[in-house]
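Visitor: I would like to know what stands behind the words used for a structure like this one. Please show it to me, and I will ask as we go.

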Amino acid sequence: MSENKELANTRYALLEALRSEDQTWNTLAPRYGVTNPNPPWKTSLIATCECLAVSGALPVLERRAAEDELAESAYADVPEPERQLLALAHTMLSRGLISESDLSARMRAIRSRLEAV
Amino acid sequence: MRESESRGTPPAAAGKARFKVGDRVRVKDLPNLFYSRTQMYVRGAVGTIAACTYQDLIPEDEAFNRDGRIEQYYIVRFRQKDLWPGYPFDNDTLQTESPERWLEPADD
Amino acid sequence: MSHAHTPGNGGAEHPAAPTVDEITDFEVLEIAVRELAIEHGLFTAEDHRRFTEWAESIGPAAGSRLVAKAWVDPAFKERVLKDAVKACKEIGIDWAEPTGFGTPSDYMNLRVLEDTPTLHHVIVCTLCSCYPRPLLGMSPEWYRTTNYRRRLVRWPRQVLAEFGLVLPPEVEIRVEDSNQKCRFMVLPVRPAGTENWTEEQLAEIVTRDCMIGVALPRPGRTADVHPMHRARRPVGSSRD
């Protein structure tokens, strides 16, 4: 459990910035008149979690324990499924599966890719 | 890949099941060594074997990728009155699963 | 759920809908995490495609079909109660898919719990969110909350009442905590007023909540509606 306490006490600036943004599906969907209860990326997030579990990189029990821990600490004020996404990124950073600098750079690259016309 | 291996075909038999359906058992109150899926709320409680389910790795090993010990699992039925002091409905029950190592015969 | 259930539509609660007209950082984060994981060799893009297809293919419709068939076919019901994983193949659900050795992060043990007029089952996973996904799809949000998980085992009648389900004291409520490797699903009692109904008609009233055990099927009830606003934090939380 001490590993999860440490997990819960850690904060990543990159994820903290996202946490405080008001871009959750709960907020955006009504604004655009969208009735789908889930954002389009949710299925992909689930698939990522399953792939990590099956490959052994992040076993499901450990991921769920970390999600629970973070749901009551770092991301207590974030709704689902954004909270699950933040918890997954947080757990992967904490385990060294990805680095914060890689993640930050990749996010910038992806945004420019998606916004390219 | 260990976790996936534990899922598919059932592992080799762990020997004969110690308990049978209808047996009265008590959930041991063992210390939590690193990891367990045996809930605190059933520790020390007496219930009845409702089903002998399957044989598989015990969670204490599975969670840490150790070479696993295989055990018989059971579904144990408890009266809610026996789990929670003052529970007001006589008929209500709760079932939970447990590997064999957490159970001992109850002679009540 | 006004039309026939088709497997894989995720239930009519998830209609096709347009998306929002902006790219959120969450959308970007999801892609970034996935791409980095693939680049680091944690899994392959092909794995991800396969699991995405699987996740999109599951929903509560399969469970509804299983219950409806069990109601009209007593021999099928016996097979379901004896070996549920095997019986699932008769309705086109293979628990070994898509991995060949079991559904991702689920196990190959399934037990269907048969209700009677004097016995009512309700399922929970007090440890995390274990759920019979090949039959019911992804678990609803409330099923994963600590609020539901902690309180259902302790105060089942109070929690069921919050879902609008009040049962008389003489009915035994049996909470099934799927805390190990078995997955569970409730086979409710076929309600009165459904005599001569077809399997398709019956399946319409077997909603997800009926198979979790927080609702009872009845004619005219074809969707899960939750009138109450659920606490986001468990009772006793000191942070509120």
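Visitor: Which residue is the bridge partner of Thr93(B) in β3(C)?

Guide: In this predicted model, Thr93(B) has Arg174(C) as its bridge partner in β3(C). Residues are numbered from 1 along each chain as its sequence is written, while chains are lettered from A and ligands numbered from 1 in the order in which they are written. As the model is predicted, local features need pLDDT of at least 70 and side-chain atom pairs count only at pLDDT 80 or more, whereas totals for chains, interfaces and linings use all residues.

Visitor: What makes β4(B) and β3(C) a pair of strands?

Guide: Two strands pair if DSSP finds at least two bridges between them. β4(B) and strand β3 (residues 172-177) of chain C are joined by four bridges, so they pair, and they run parallel. The names follow DSSP runs, numbered from the N terminus: helices are H or I with at least four residues, strands are E with at least two.

Visitor: How many bridges join β1 of chain B to β2(B), and how many link β2(B) with β3 of chain B?

Guide: Strand β1 (residues 24-27) of chain B is joined to β2(B) by three bridges, in antiparallel fashion; there, Arg24(B) is opposite Thr48(B). With strand β3 (residues 70-79) of chain B, β2(B) forms seven bridges, again antiparallel, and Gln55(B) is opposite Gln72(B).

Visitor: What does chain B bring to its contact with chain C?

Guide: Chain B gives 19 residues and chain C gives 24, where two residues are in contact if their C-beta atoms, placed from the backbone, lie within 7 Å. On the chain B side, β2 (46-57) and β4 (93-99) each supply at least two residues, and β4(B) gives the most, with five. That side has six nonpolar, eight polar and five charged residues. Here Ala, Val, Leu, Ile, Met, Phe, Trp, Tyr, Cys and Pro count as nonpolar, Asp, Glu, Lys and Arg as charged, and the others, Gly among them, as polar.

Visitor: How many residues of chain A are in contact with chain C?

Guide: 47 residues of chain A touch 41 residues of chain C. On the chain A side, α4(A) gives the most, with 12 residues. The class counts for that side are 30 nonpolar, seven polar and 10 charged.

Visitor: Why is α7(A) called oblique to α1(C)?

Guide: The axes of α7(A) and helix α1 (residues 25-39) of chain C come within 9 Å and cross at roughly 120 degrees. Axes are lines fitted to C-alpha atoms, for helices over the stretch in contact, and angles run from 0 to 180 degrees between N-to-C directions. Under 35 degrees counts as roughly parallel, over 145 as roughly antiparallel, 65 to 115 as roughly perpendicular and the rest as oblique. The angle of roughly 120 degrees falls in the rest, so α7(A) is oblique to α1(C). Among the residues making the contact are Arg106(A) and Glu35(C).

Visitor: Why are α3(C) and α4(C) oblique to each other?

Guide: The axes of helix α3 (residues 61-72) and helix α4 (residues 74-82) of chain C come within 5 Å and cross at roughly 125 degrees. α3(C) and α4(C) are therefore oblique to each other. Leu66(C), Lys69(C) and Ala70(C) of α3(C) meet Phe76(C), Lys77(C) and Val80(C) of α4(C). By class, this contact has four nonpolar, no polar and two charged residues.
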